[in-house]
Amino acid sequence: MDLIALESFLDNTSFGVLLVTMLIYWGGAAFPNLPYLATLGTTGMAIANLCMATLLGSRWLEAGYFPLSNLYESLFFLAWGITTIHFIAERMSRSRLVGVVTSPVAMGITAFAALSLPVEMQQSAPLVPALKSNWLMMHVSVMMLSYSTLMVGSAIAIGFLIVTRGQKVELKGSSVGTGSFRDRVKQKTSLNPASSADSVFASTSATGNTAVLDLPQTETVKLSPERLSLADTLDNISYRVIGLGFPLLTIGIIAGGVWANEAWGSYWSWDPKETWAFITWLVFAAYLHARITRGWQGRKPAILAAIGFVVVWVCYLGVNLLGKGLHSYGWFF
């Protein structure tokens, strides 16, 4: 079997399937009365996930080591992780909007890996001595899974901002994952004078058909109870997914320190990659701290998660391509 030809077919197929899947999810969001689009979207994600898993397995057989030694392999592992976490988040939320935000991310990654990387960077090569260790699988795979999970959680938080139109919606659920808008929309008849000037409260009109966000002395934005319920669900799912990704990131950083000591004689050297991994850890630690101890919900933690989405990309790709250090791929500079 020609594994190289198979890999070329699978990476292009993954990109094509994810492109179609993204369009299906977006079509489903635009036309919610077509229920079969959600099924087609989930099917497309499953096909893409299987193609990428087969691609990685083929690389493993071809090279003889776990396929995470170069940018091409790590990009497809990242996309595979995103599609895997997508199923968990979609099952938890039971909302097609999860696919609306995760499919473009996965599609963009596969497009970059399959269509933009130079051919020489797509080929497998013998491992350098420092990478000939069991820590390659233990450290890098956990870090990549943490990136995938945090990206999905952050993308869902961005979806929350889109659904609520960036307004400061007062959610009445618990910050540890028990929402209330799925059960009811809290009625509020007056504003608390002690509240801040930009606070927004959810209330239900007399007809029961429209939920209104009252902005003091500015304007009134109308959101349906269904949209508020969806926002509450996305807020919860984002929190839970990020809560899963953060321990993975912590374990990955610790494993990386142990491997660094074994390979280079130092647990921490403030390499650009290590520094940005620590910054990423701090951002999501702040997110979880704000939710658990400060009770933050809604817009504030969603904005923090959106910042975390950018930070993860800088940590994973920006430092590798632009920075100078032990983790640099050295493509641009």
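Helices (H or I, at least four residues) and strands (E, at least two) are taken as DSSP runs and numbered from the N terminus. The model described here is predicted, so that local features need pLDDT of at least 70 and side-chain atom pairs count only at pLDDT 80 or more, whereas totals for chains, interfaces and linings use all residues. Residues are numbered from 1 along each chain as its sequence is written, and side-chain values use heavy atoms, with hydrogens and water left out.

Within this scheme, F278 and W281 both belong to helix α8 (residues 272-292), where 3 residues, about one turn of the helix, separate them. One aromatic cluster is formed by W60, F66, F77 and W80.

The secondary structure of the protein consists of 9 helices and 3 strands. From the N terminus on, the order of elements is α-α-α-α-α-α-β-β-β-α-α-α. Of the 333 residues in the protein, 51% are buried. Among contacts (heavy atoms within 4.5 Å) with a separation of 6 or more, 74% join residues 24 or more positions apart.

The packing of helices was examined through their axes, which are lines fitted to C-alpha atoms, for helices over the stretch in contact, with angles running from 0 to 180 degrees between N-to-C directions. Angles under 35 degrees count as roughly parallel, over 145 as roughly antiparallel, 65 to 115 as roughly perpendicular and the rest as oblique. A crossing is left-handed if the near helix is turned anticlockwise from the far one by less than a right angle, and right-handed if clockwise. For the make-up of each contact, Ala, Val, Leu, Ile, Met, Phe, Trp, Tyr, Cys and Pro count as nonpolar, Asp, Glu, Lys and Arg as charged, and the others, Gly among them, as polar.

Helix α1 (residues 3-30) and α4 cross at roughly 155 degrees, and their axes come within 8 Å. The two helices are therefore roughly antiparallel to each other, and the crossing of α1 and α4 is left-handed. Residues of α1 that make the contact include F15, L18, M22 and W26, while those of α4 include V100, S103, M107 and L115. By class, the contact of α1 with α4 comprises 14 nonpolar, 4 polar and 1 charged residues. S103, located in helix α4, is buried, with a relative accessible area of 0%. Apart from neighbours within four places in sequence, S103 is in contact with M22, Y25 and M45.

Helix α4 (residues 97-116) also packs with α6, at an angle of about 125 degrees and with the axes 9 Å apart. These two helices are therefore oblique to each other, and the crossing of α4 and α6 is right-handed. L97, V98, V101 and T102 of α4 make the contact with V152, A155, I156, G159 and V163 of α6. The classes represented in the contact of α4 with α6 are 7 nonpolar, 2 polar and no charged residues.

Helix α3 (residues 71-93) packs with helix α6 (residues 135-163) at an angle of about 50 degrees, the axes being 8 Å apart. This makes α3 oblique to α6, and their crossing is right-handed. Residues of α3 in the contact include F77, W80 and I85, which meet residues of α6 that include M144, Y147 and V152. The contact of α3 with α6 contains 12 nonpolar, 5 polar and no charged residues.

Helix α7 (residues 225-264) contains G252, which is buried, with a relative accessible area of 0%. G252 and H139 are 113 residues apart in sequence, yet their C-alpha atoms are 5.3 Å apart in space. Not counting residues up to four places away in sequence, G252 touches H139, V142 and M143. T250 is also placed in helix α7 and is partly exposed, with a relative accessible area of 23%. A distance of 9.3 Å separates the C-alpha atoms of T250 and V142, which lie 108 residues apart along the chain.

Definitions and conventions
Rings of Phe, Tyr and Trp (its six-membered ring) pair if their centres lie within 6.5 Å; planes under 30 degrees apart count as stacked, over 60 as edge-to-face and the rest as tilted. Buried means under 20% relative accessible area, exposed over 50%, partly exposed in between (1.4 Å probe, protein chains only).
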